[in-house]
Amino acid sequence: EAQEQLTQDRLDRPRFYWPDLHGKRNCVFDSGYDVFMETLKEQYLFDTEEGCCGLWYPLKSDCPEVASLTDVASATTPFQLDYNPDVSLQFYYPNLSESNCRFGRNYPVWMKNSPRH
């Protein structure tokens, strides 16, 4: 229930162009941005696609990524459920249930969304 409320709160936020750094790796337009971006709005949240693409992806010809009118989902979905990881992008991450580290892509979504140290 708390998870559903969190998802609904994200969907109710204002929509901006923002750099989807971990999912699409492109600017997208929706309300699925990370919470930290709200405190650094000038660097991460833009009213125009030119602002986002010009700062974050100036060499991409397909910036911003736009969902077609026939797409059921938006450019992103809550908690990046549409995330399609690159097989070469594996990371060491803590396996909390076994108290050790693993290498791979099977880490929880919240770890993916957290800053890397």
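Tutor: Helices, of at least four residues, and strands, of at least two, are DSSP runs numbered from the N terminus. This is a predicted model, and its chain has 5 helices and 4 strands.

Student: In what pattern does the chain follow along the sequence?
Tutor: The pattern reads α-β-β-α-α-α-β-β-α.

Student: How many disulfides does the structure hold?
Tutor: There are 2 disulfides. C27 pairs with C52, the sulfur atoms being 2.0 Å apart. C53 pairs with C63, also with sulfur atoms 2.0 Å apart.

Student: What does the pair of C27 and C52 tie together?
Tutor: C27 is in strand 2 (residues 26-30) and C52 in helix 4 (residues 49-56), so the pair ties together parts 25 residues apart in sequence.

Student: Is C27 buried or exposed?
Tutor: C27 counts as buried, at 0% relative accessibility. C52 is buried as well, with a relative accessible area of 0%.

Student: And where do C53 and C63 lie?
Tutor: C53 lies in helix 4, and C63 in the loop between helix 4 and strand 3 (91-95). Both C53 and C63 are buried.

Student: What about C101, buried or exposed?
Tutor: C101 is exposed, because its relative accessible area is 59% and exposed means over 50%.

Student: Changing topic: what is the mean pLDDT of the chain?
Tutor: The mean is 74, and 63% of the residues reach 70 or more. Over residues 68-75 the pLDDT is below 50, and that stretch has 9 contacts in the model beyond near neighbours in sequence. Residues 77-83 are also below 50, with 20 such contacts. Where pLDDT is low, the predicted coordinates should not be read in detail.

Methods:
Residues are numbered from 1 along each chain as its sequence is written. This is a predicted model: local features need pLDDT of at least 70, side-chain atom pairs count only at pLDDT 80 or more; totals for chains, interfaces and linings use all residues. Side-chain values use heavy atoms; hydrogens and water are left out. pLDDT is the predictor's confidence in each residue, from 0 to 100. Contact means heavy atoms within 4.5 Å. A disulfide is a pair of cysteine sulfur atoms within 2.5 Å. Buried means under 20% relative accessible area, exposed over 50%, partly exposed in between (1.4 Å probe, protein chains only).
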